[in-house]
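This report looks at one protein and its ligand.

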Amino acid sequence: MADHVLLVGMMGSGKTTTGRLLARRLRRVFHDSDEQILLRTGLTVPAIFAEHGEAAFRAEERAVLASALSCGVPGVIAVAGGAVLDPDSRRRIRRAGVVIWLRAAPHVLADRLGAGRGRPLLEHDPAATLRLLEARRRSVYRSLADVTLDVDWVTPQVAAERAERVARGWLATAGGLNALSAAGAQGAWR
Ligand code: S3P
């Protein structure tokens, strides 16, 4: 199994900010889905949705995730919120390393994301959409997660510190139970 550290969770859970901090702490390369898509296509997420539609965006999302996962150097990967809906991507994620779910309640996500700028799915009624998407995706995140970190009232800095303890514990024990106690994480091993 590869030794990537993968962050999953909803939009607004802090995957990008936490992931970047975590990568710095672990001295690893950081892969962020939306950023990689921009580099690959020259287009922002809203532009791809508007010009080519959601299906084209999901194909790009799959491609950048596959490329990050196949990177020979173990990294920190922020998996885009919807990328976990693809069964092939889920299979790849499960084999790739330790998966940390940054879990936050929909009303917290809605507060953080406001009008949802830059996120085409949130164009109409962001709070209601986030509630709906979270309800649909929660079980998928849970099924993928080795560890869950509740991040409702936690800054990205603190989330990154906790994730670092999870990751170091995981790497030291190749997926042992120590990581959970080391992190003081609220959650359970899958
Ligand atoms: C999406 C999440 C976004 C972005 C796009 C769709 C989703 O990424 O890929 O707006 O379906 O949840 P983040 O999870 O990084 O915000």
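## Ligand contacts

How far is an oxygen atom of the ligand from an N or O atom in the side chain of Arg 137? The distance is 2.6 Å. The model is predicted: local features need pLDDT of at least 70, side-chain atom pairs count only at pLDDT 80 or more, and totals for chains, interfaces and linings use all residues. Residues are numbered from 1 along each chain as its sequence is written, and side-chain values use heavy atoms, without hydrogens and water.

An oxygen atom of the ligand also lies 3.0 Å from an N or O atom in the side chain of Arg 119. The protein buries 98% of the 390 Å² that the ligand exposes when taken alone (Shrake-Rupley method, 1.4 Å probe).

## The shell

The ligand is surrounded by 14 residues (a heavy atom within 4 Å). Lys 15, Asp 34, Arg 58, Gly 81 and Arg 137 are the closest. The shell holds six nonpolar, two polar and six charged residues (Asp, Glu, Lys and Arg count as charged; Ala, Val, Leu, Ile, Met, Phe, Trp, Tyr, Cys and Pro as nonpolar; the others, Gly among them, as polar). Helix α4, residues 54-69, gives the most to this shell, with three residues.

## Fold

The protein has nine helices and five strands (DSSP runs: H or I, at least four residues, for helices; E, at least two, for strands). From the N terminus, the order is β-α-β-α-α-α-β-α-β-α-α-β-α-α. The C-alpha atoms fill a box of roughly 45 × 35 × 30 Å along the principal axes.

Methods:
Polar contact = N/O pair within 3.5 Å; in protein donor to acceptor, adjacent residues only side chain to side chain.
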